[in-house]
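Trainee: I would like to learn how to read a few features of this model. Can we take them one at a time?

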Amino acid sequence: MAAPSATSRRGNLMQKLASPSAKSKGKIRRRGRLFQEVILKQIRLLVLFALAIFVIAIFKVGLPGALQPTLRLITPTIGFNLSESQVDIKMNELYDAIEFKDLDGGAWKQGWNVQYTGNEWDKHKLRVFVVPHSHNDPGWLRTVEEYYQERSRRILSTIVQALKKDKERKFIWEEMSYLERWWRDASEAEKRDFLTLVKNGQLEIVGGGWVMNDEANSHYYAIIEQITEGNLWLKDTVGVVPRNAWAIDPFGHSPTMAYLLRRMGFDNMLIQRTHYEVKKILAQKQNLEFIWRQSWDNFNTTDIFCHMMPFYSYDIPHTCGPEPAICCQFDFWRLPGFGSALRCPWRYDPQQITIENVQERSETLLDQYRKKATLYKTNTLLVPLGDDFRYITIAEADLQFENYQKIFNYINTHPKLKAEVQFGTLQDYFTAVKDEIDARKGKVKVPSLSGDFFTYADRVQDYWSGYYVSRPFYKSVDRILEETLRAADVLSSLSLAYCQAMGQGHFPLSISEKLTAARRTLALFQHHDGITGTAKNHVVVDYARKMHSALLDLQEFMAKGVGVLLGRDGSQGMCRDADLDIFIPEKEQRSHDVLPVRRLADVVSDHVQRLVIYNPLEEEVKQVVMVLVERTDVCVLGADWEPIVSQVSPEWGNTREMATGKHRLHWQVQVPPLGLQTFFISTSEASHSCKAAEVAQIEVFHATDSFSCPSPYKCTHTAEKVEIQSQHITLAFSVQDGLLQGWKNQRTSMEASLQEDIAFYSSRGSGAYLFKPLGEASSMVSPGGLIIVTKGSLMQEVLSHPKSIWSPSPASRRARVYNGVDTVQGYIAEMVYHVELLDNVYNDKELIVRFKTDLDTGNTFFTDLNGFQTVSRETREKIPLQGNYYPMPSLAFLQEPKGRRFSIHSRQALGVASLKSGALEVMLDRRLTRDDDRGLGQGVLDNRPMDVTFHLLLEGNISSLPRIAASTPRVPSLLSHLVLSQLSYPMHTFFAKAENVTDAHRSRLQKTFAPLAMKFPCDLHIVSMKVAKPLDDLSSRATKKASYALTLQRRGWDHSYCRRGQMQCSRFSDKPISLSDVFGELQISTSVLSSLNLLHDASKDIGQVEPSGRKQGGGFRESKGLISMAPMEIQSMKLDLSLDKESLSLQAG
């Protein structure tokens, strides 16, 4: 017989204490009864008091490890008011139903022999909208500038010329990066014609983003930025706001994109690249059009109408119907002797439409339209007409438009065909299909769907999971640019607000232009052949040089911004002073293809080094930080000139030569949110209050004769175990190879086996897009590699150079723990992998790191989508290994029923899998000689030396949870959110010129800048804070006060992980938050709710108002200016910032 649960035992005990038996009641005398009641009251109070103490203890530090496995919750807490949305189709369940047999469907190879009876259109004739388009990649086989000059410039001019000829002609355009460039070159007449075509509905701008972004690797911040940049330019220049999104080429699709589009005011979206088996099963049930809903949305406010294209590709042979050999005959640019496109591979060429063949040609094409229409619920059909870089010449445009118009005329003048065909735009189609749904009054039910469409396969077992990792160096640069842009935006907003309040005008025009250029560079790299790593080598270099230039400009601007804010008394930091060079960034970007280099702190005998640390986060950050110095007899002083405990240790290189001769200086800082904090580095000669840095201890294992212990450190070679620890965790490593073996929580005694391994996949068919391994990965590590352990009071590190068959090894690893006070950092293990797959001996190898734990997780694990939300993954045996790899833009975790959770937080996008219970593996880099036959025409051999940084976290739940449905949403813990936030948005350090102590004391530079007046809840994140239109509001051309945009996200977090450590976190739900209370000296005079692209002010346009009028998605309680947001929601608002009168008078004085 099983023992009763702790919960039931506790319940029985309470019942006995509270209620004496019936027999006792009859025998107790009155005095005894009174005495008993007094005793029971005391016991009740004691029990309640004990329970309260117990709950508070759990809340602060978590349960003791011994108790964790014994508690049960009847209903598990999934997250902050998060539960599974109610939908008709769940992608996890759909995958369970698919057999993945890849049956040959005949002419439609991935489908079936589509048939129809002919009476389907007796009541409602078939309405066909043929939508001409041209897919223009902003970089792929050529650079964006090369494509523009050779093709896109000509295409846009051709479109204008062709549409002017006939008002029946229509066209759609997507990429603003090309349209903006063309607009600069176009004649005034071309611009007027373009505007006329847009106004009369012949030309529709769809999506309107700067690019058509990737949906696997791109972070939601960057997606918002790229769409907003394009949409704002479009509104200001052309005067239109897009309502329909068009994504025909991203390699898989994310629900994050659906959410962001809806919150930007989009009504409809179209997608193409999804697994061919998914297309088939949806088509069989006529579910290719659906309402895409977020898995956590119970109020249906995120719903967006989505159209999925049914066939292999978006080119003409695969869009008119299920038989590409026939559809290709209606691509008239393939006409022999006329067009310049490739001939149809099915050996049936197009024919010019004449009086003699128009009937046969029309009926043949209509047959394809009818077959395609049977895959959808309505009698309204969308048929794209285009391909990559089509309609370059007016000859091509006329061939397509004229021949199709002849077919349309024939069909439309023969009522017995029961069809009406015309050129159309996306808006034409979506309006018509929704009108039909409404007219049929409930007879057409559009299903709702939740989930994502990864991992994409286009045929057989060709899964596109390789691009999750291709060119990882540049994926890392992307995130550096992203966080630097965000940090610079915050600084520009604060700097401009103070400058304008002091009557100092605007920034130089060059700064405004550079900030805009940096935003457009980040936007450009989100292109689905940019961040994916799937472009030609010279195109990758072009992207990289643009990002490098943007980083240099942003760092220069931030350095000036620091000077502005610390010199804001008016005597220093004038906004118009373009030569303001008080500070320089601590990290130097020397080239587009190398890692940033740290500058040395300038510490000389009689001078001090002033440094300023900038915290771009909304939370106060307590953290152990590091700078490089040339000497060990140094100390750290705070802004008040009081000494701070510090530690000095050798800087180890990435080769066996090891010590670089430089030293790492660590100390703990506390920097206000969005604020600045000053510190000084000195020597004992320069400052009498100097407290010398502690010198770290060094332990060495398997040292070779070439190893030399750097002076003045002492290296021991007699240690028996490899172990490092902080006040929260202890990490144990193998003495043989230095790899991680175990993790122990110091406070709860929770332990986990955590076996680290570094391994390689071998492949023959992998390329930039595809991952096609030859079996499982093999470990590259053998015993005997060099291990160096650094131990100090603030930072401890294990550096492992694993021994392998290659010398030197292609990868080394640094594992660190930090011992700061009350820091988020103290809970994590920092793992930094230095990877160099630079030699041909690594050809066709794909490098992974694997963590095998003792968590019982079965075949389920969790990954993030675009850094915005997490999704459950299942490893399925019916899918090949490469199909069980998924994108990991920033997070993956394992969760066991007993409550333990192991999380990997990443600073960059990579690929992840859990191929066995309790194991997670992350791919670090890949070097490939072969093209994978997807158009790129090359392998991936341009690898760069790189660092990949993970923050590992092991957490214990306050309750044990039963296994839950795979589709049930899981969210990170609050601690996990903070870990990821500090990893993704690190603090920035700036050096001033060395100065003597007297001058440093007399400096009028302020030492602290703390703009926020309130402490943000830990579950409320500032996504961005920026000047909405830098070219209009930042530069000297501006004629009005700047307008600012603030975007917030209320994080969803798992309540069953309620421990907040010693972080003193508040939560959004703890107390109302008023926007007027956010800033200190700055005031928000006006605020207006906005869509995420800053184009819509009415919340009903972005799906946030229910019929009752209640705002579920977010907003303000207008009467009090209170922020009201549901968990998971992102909300933008437009603000005016000014300095309050009291602060203004003080600074003026």
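Trainee: Where is the place of Asn 943?

Mentor: First, the ground rules. This is a predicted model, where local features need pLDDT of at least 70, side-chain atom pairs count only at pLDDT 80 or more, and totals for chains, interfaces and linings use all residues. Residues are numbered from 1 along each chain as its sequence is written, and side-chain values use heavy atoms, with hydrogens and water left out. Helices (H or I, at least four residues) and strands (E, at least two) are DSSP runs, numbered from the N terminus. Asn 943 sits in the loop between strand 43 (919–927) and strand 44 (946–956).

Trainee: Is Asn 943 buried or exposed?

Mentor: Buried means under 20% relative accessible area, exposed over 50%, partly exposed in between (1.4 Å probe, protein chains only). Asn 943 has 8%, so it is buried.

Trainee: Which polar contact does the side chain of Asn 943 make with another side chain?

Mentor: A polar contact is a pair of N or O atoms within 3.5 Å; within protein, one must be able to donate a hydrogen and the other to accept it, and residues adjacent in sequence count only if both atoms are side-chain atoms. The partner is the side chain of Asp 925, at 3.2 Å. A polar atom of the Asn 943 side chain also lies 3.0 Å from the backbone oxygen of Arg 926.

Trainee: How many disulfides does a search of the whole structure find?

Mentor: A disulfide is a covalent bond between the sulfur atoms of two cysteines. The test is a pair of cysteine sulfur atoms within 2.5 Å. The search finds 4. One of them joins Cys 320 to Cys 327, S to S 2.0 Å.

Trainee: Why is the disulfide of Cys 320 and Cys 327 called left-handed?

Mentor: Look at the torsion about the S-S bond. For Cys 320 and Cys 327 the torsion is about -90°, so the disulfide is left-handed. Cys 320 and Cys 327 are buried.

Trainee: What is the handedness of the link of Cys 709 and Cys 715?

Mentor: That link is right-handed, with 80° about the S-S bond. Cys 709 is partly exposed, at 31% relative accessible area. Cys 715 is buried, at 18%.

Trainee: Which parts does the pair of Cys 328 and Cys 344 tie together?

Mentor: A disulfide joins Cys 328 to Cys 344 (S to S 2.0 Å). Both cysteines lie in the loop between helix 11 (324–327) and helix 12 (358–373), so the pair ties together parts that are 16 residues apart in sequence. Cys 328 and Cys 344 are buried.
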